[in-house]
Amino acid sequence: MKSSRWTEWTWGKAVPWVLPVALLVAWQTAVETGWLSSRVLPAPTAVMAAAWHLGSSGELWQHLSISFGRAVAGFAIGGSIGFLLGLVNGVFRPAERLLDTSIQMIRNIPHLAMIPLVILWFGIGEEAKVFLVALGVLFPIYVNTWHGIRNVDAGLLEMGRVYGLGPWALFWRIWLPGALPAILVGVRYALGIMWLTLIVAETIAADRGIGYLAMNAREFMQTDVVVFSILLYALFGKLADSIARFLESRLLRWNVNYQHRP
Amino acid sequence: MGAGQGAELVFVQVAKRFGAQSVLSGIDLTVKRGEFIAIIGRSGCGKSTLLRLAAGLEEPTSGIIQLDGEPLQGINTKARVMFQDARLLPWRRVIDNVGLGLKGNWREQAAKALEQVGLAERANEWPSVLSGGQRQRVALARALISQPQVLLLDEPLGALDALTRIDMQRLIERLWQEQHFTALLVTHDVDEAVMLADRVVLIENGTCAFDWPVRLPRPRQRGDAAFADLVEAILRRILGPESERGAIAASSFGEKRRAL
Ligand SMILES: Nc1ncnc2c1ncn2[C@@H]1O[C@H](COP(=O)(O)OP(=O)(O)O)[C@@H](O)[C@H]1O
Ligand SMILES: [Mg+2]
């Protein structure tokens with residue numbers, strides 16, 4: 001009885017992993033039997049070996065911290081500009097009338113189309129990457145902040161005024177928490193754009209970072225390093241998403257839509 | 001809580017227009033210190049507007065509102081409002097909602113206010129898990145914690161079921177008797193008006209058209225003959241002479257009586 005329940009439990013936990021593990025095994029066998037050339041796709045063990053090599057030589061951490069730094073700097077700059085613009089335009093109608101049309105026009109330019117111009121402006125230095133990330137992150141944060149602020153319950157704001165809240169208290173107690181669910185949607189979306197932008201920017205023009213690692217390895221036919229770089233990006237993407245989810249479950253505990261989420 | 005004192009609220013020829021639409025056209029009304037007034041009238045006659053004027057959320061187009069002899073300017077800081085929807089902040093726990101806008105060490109006070117409305121043990125829950133009646137009780141605790149001199153109630157019980165409504169009426173009456181604030185209650189329920197008010201005021205065509213003193217001793221009984229007579233008289237006046245027979249017929253069916 002007890003053991004059968006235990007096996008049931010482990011089976012339940014294991015099910016989602018059956019397919020990935022089977023795929024890895026198949027992949028490994030395909031490479032080892034020579035059916036799949038390691039030029040096309042190196043064996044999982046080879047990728048792990050490349051990871052180990054890069055890690056122990058210290059090279060990996062250098063590239064990682066560079067990419068991470070670009071991501072954080074770009075997100076911080078673009079995110080704060082988008083947040084502030086969204087806030088100002090959400091709260092003050094005249095500001096919205098002045099700025100919104102211009103912002104919407106710029107928003108319609110795909111930010112990656114700016115790459116040639118950005119390289120002309122900044123070369124292939126750090127500024128170029130940070131600028132592109134910031135530009136990509138700005139708009140989803142802007143639009144969602146604006147939307148969140150605009151949808152704050154007017155009845156609550158009125159109540160706040162009657163209960164003696166000043167402008168600051170109104171902002172901290174009502175505007176901001178009311179807009180937070182929408183803002184976090186923007187953050188989550190922006191995190192995705194942040195990695196995508198970084199991948200493209202680093203792949204096209206960089207002398208350090210994960211993208212550079214991959215492009216450099218390509219020149220020397222190190223397929224294992226290329227695959228490992230791709231996995232790194234995937235890992236970072238997953239990490240960013242987990243952080244966004246964590247923020248949501250912490251900050252939106254009061255909201256039934258965010259309760260009991262895995 | 002200490003016995004504060006209610007403020008006197010005087011409307012002098014107060015008119016309010018929204019664009020071309022005249023909603024109130026000359027309200028003269030004196031609410032004495034600690035008095036409980038119920039405002040009734042057909043839907044859209046301007047009851048909420050009158051209350052919002054008293055709260056300082058709207059400015060009169062003409063006329064003045066005096067609070068203890070001083071003309072009211074901006075938000076009425078001596079008043080608290082209870083709205084039909086409780087308007088609790090969903091992202092603050094019950095006790096933090098009660099302490100909204102208070103400074104210093106208010107937690108103990110908030111706990112006491114929650115105890116007064118019978119919700120002491122729900123202090124740390126989110127508003128979303130409370131029932132409609134419980135939310136209104138939290139809103140009442142929030143309104144009364146700062147010991148306001150005026151309490152403005154805009155159909156606060158309109159969305160509650162009949163039994164919860166009776167409970168809340170008793171609670172409001174008890175707290176009013178303890179704290180002596182001046183109360184202005186907008187309601188569409190004539191029973192409720194007669195149950196709670198010292199005076200029932202009818203708003204019609206933008207003015208205070210009629211005024212009934214309620215001299216029944218408290219606590220009042222719905223089954224009481226004098227109670228029923230007054231309710232009937234008020235209904236007959238609101239519905240007009242041509243619908244007199246209908247009104248009497250309706251008032252003998254408890255629930256239909258509320259269908260103003
Ligand atoms: N802010 C406003 N702008 C324009 N018209 C309004 C506004 N507030 C209320 N009104 C109008 O004033 C009239 C009275 O409204 P209200 O005071 O809410 O009535 P009641 O509470 O008696 O049902 C209604 O016709 C309503 O449409
Ligand atoms: Mg109303």
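Biologist: How much space lies in the largest cavity?
Modeller: About 50 Å³. Keep in mind that this is a predicted model.

Biologist: OK. How many cavities of 30 Å³ or more does a search of the whole structure find?
Modeller: The search finds 2.

Biologist: And which residues line the largest cavity?
Modeller: On chain A you have I115(A), V118(A), I119(A), A128(A), K129(A), L132(A), A201(A) and A205(A). Two elements of chain A give two or more residues each to that lining, namely α5 (115-122) and α6 (126-150).

Biologist: How does the lining of the largest cavity split by class?
Modeller: There are 7 nonpolar residues, no polar ones and 1 charged.

Biologist: Switching to the open spaces. How much space is in the largest pocket?
Modeller: About 350 Å³. The lining has 13 residues, and those closest to the pocket's centre are V91(A), F92(A), P167(A), F171(A) and W175(A).

Biologist: Which elements give two or more residues to the lining there?
Modeller: Three helices of chain A: α3 (59-91), α7 (154-162) and α8 (167-204). The largest share comes from α8(A), with 5 residues.

Biologist: What about the classes in the lining of the largest pocket?
Modeller: The count is 11 nonpolar and 2 charged, with no polar residues.

Biologist: What does UniProt say about transmembrane regions in chain A?
Modeller: The annotation, from an unreviewed UniProt entry, puts "transmembrane region" on residues 66-88, 108-124, 130-149, 170-200 and 220-240 of chain A. In the model, the span 66-88 of chain A is 100% helix, with its end C-alpha atoms 33 Å apart. The span 170-200 of chain A is also 100% helix, and there the end C-alpha atoms lie 41 Å apart.

Biologist: Which helix supplies the largest share of the lining of the second largest pocket?
Modeller: That would be α4 of chain B, residues 132-145, which provides 3 residues. By class, the lining of this second largest pocket has 8 nonpolar, 4 polar and 4 charged residues.

Biologist: Now the ligand. Which residues surround ligand 1?
Modeller: The shell is F18(B), Q21(B), V23(B), S43(B), G44(B), C45(B), G46(B), K47(B), S48(B) and T49(B). In terms of class, 3 are nonpolar, 6 polar and 1 charged.

Biologist: Which elements supply at least two residues of that shell?
Modeller: β2 (21-31) and α1 (47-55) of chain B. The one that gives the most is α1(B), with 3 residues.

Biologist: What is an oxygen atom of ligand 1 2.6 Å from?
Modeller: An N or O atom in the side chain of T49(B). There are backbone contacts as well: a polar backbone atom of G44(B) is 2.7 Å from an oxygen atom of ligand 1, and a backbone N or O atom of G46(B) is 3.0 Å from a ligand 1 oxygen.

Biologist: How much of ligand 1 does the protein bury?
Modeller: Taken alone, ligand 1 exposes 570 Å², and the protein buries 60% of that.

Note on methods:
Residues are numbered from 1 along each chain as its sequence is written. Chains are lettered from A and ligands numbered from 1 in the order in which they are written. This is a predicted model: local features need pLDDT of at least 70, side-chain atom pairs count only at pLDDT 80 or more; totals for chains, interfaces and linings use all residues. Side-chain values use heavy atoms; hydrogens and water are left out. A residue is near a molecule or strand if one of its heavy atoms lies within 4 Å of it. A polar contact is a pair of N or O atoms within 3.5 Å; within protein, one must be able to donate a hydrogen and the other to accept it, and residues adjacent in sequence count only if both atoms are side-chain atoms. Accessible areas come from the Shrake-Rupley method with a 1.4 Å probe; for residues, only the protein chains shown count as cover. Helices (H or I, at least four residues) and strands (E, at least two) are DSSP runs, numbered from the N terminus. Ala, Val, Leu, Ile, Met, Phe, Trp, Tyr, Cys and Pro count as nonpolar, Asp, Glu, Lys and Arg as charged, and the others, Gly among them, as polar. On a 1 Å grid over the protein atoms alone, a cavity is a set of points where a 1.4 Å probe fits but cannot get out, and a pocket is an open set with protein on both sides within 12 Å along at least five of seven lines; lining residues have an atom within 4 Å of a point. Grid points are joined across faces, edges and corners, and a volume is the space filled by probe spheres set on the points. UniProt positions are given in the numbering used here, feature names are shortened, and annotations may be inferred rather than shown by experiment.
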